[in-house]
Amino acid sequence: GGVSVANVVSQGFFDGIISQAAASCPGKNFYTRDAFLNAVGSYPDFGTTGSSDDSKREIAAFFAHVSHETGSFCHIEENDGASTNDAYCDPNNTQYPCTPGKKYYGRGPLQLSWNYNYGPAGQSIGFDGLNAPETVANDVVTSFKSALWFWMNNVHSVINQGFGATIRAINGALECNGQNQDEANDRIQFYQKYCADFGVAPGDNLTC
């Protein structure tokens, strides 16, 4: 009942997003549809489970969050991430200890953050997440794989609960229960647009 992700995420759809980014955006010459499809090859359950409509809603949801997080593929790294004093290091996570001098701020399509995400993402994808977190900002296929890794491990399982559940899974503490409603609304508006692009109803429970 699923769909071909490549058929849904056409070059025209991808270009429609990245064309919103200014020419000066670093992501403009970084993110590509080919790199996304290359990365999707490692995650065969993405956008292919459930009905055709379910699949299209998942793909729309993914790109809605990506569009919000990156400013329509403008940003590769979190704004001012390199200059922040916050290394996004949880010292209590001893399984994935931080490397001195490295910062685990947001990078990539879903702005992968924190040592406890970089560590396992790197192990799964095949890069040194703790010692070389910058790989997510330097290698575009790894960048998309990091986003899909996070999605499949944290978001995919709640997609059937509505778009609001995906907001909660990604940024719930900051954008749910009345917090930062403008941020959540931006995600919802992208989602509704992409559902319309794919000819599918957005479903219920859009807010968290």
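A contact here means heavy atoms within 4.5 Å. With that settled, a few friendly notes on the model follow.

1. This is a predicted model, with residues numbered from 1 along each chain as its sequence is written. Local features need pLDDT of at least 70, side-chain atom pairs count only at pLDDT 80 or more, totals for chains, interfaces and linings use all residues, and side-chain values use heavy atoms, with hydrogens and water left out.

2. His156 sits in the loop between helix H7 (140-154) and helix H8 (163-175); helices are DSSP runs of H or I, at least four residues, and strands are E runs of at least two, numbered from the N terminus. Leaving aside residues up to four places away in sequence, His156 touches Asp45, Thr49, Glu58 and Trp151. His156 counts as buried because its relative accessible area is 18% (buried is under 20%, exposed over 50%, partly exposed in between, with a 1.4 Å probe and protein chains only).

3. Glu69 carries the UniProt annotation "active site", from an unreviewed entry; UniProt positions follow the numbering used here, feature names are shortened, and annotations may be inferred rather than shown by experiment. Glu69 belongs to helix H4 (residues 52-70) and is buried at 19% relative accessibility. Beyond residues up to four places away in sequence, Glu69 touches Pro109, Leu110, Gln111, Ile170 and Arg187.

4. Cys176 lies in the loop between H8 and helix H9 (181-198), and is buried, with a relative accessible area of 1%. Cys176 and Cys208 are 32 residues apart in sequence, yet 5.1 Å apart in space, C-alpha to C-alpha.
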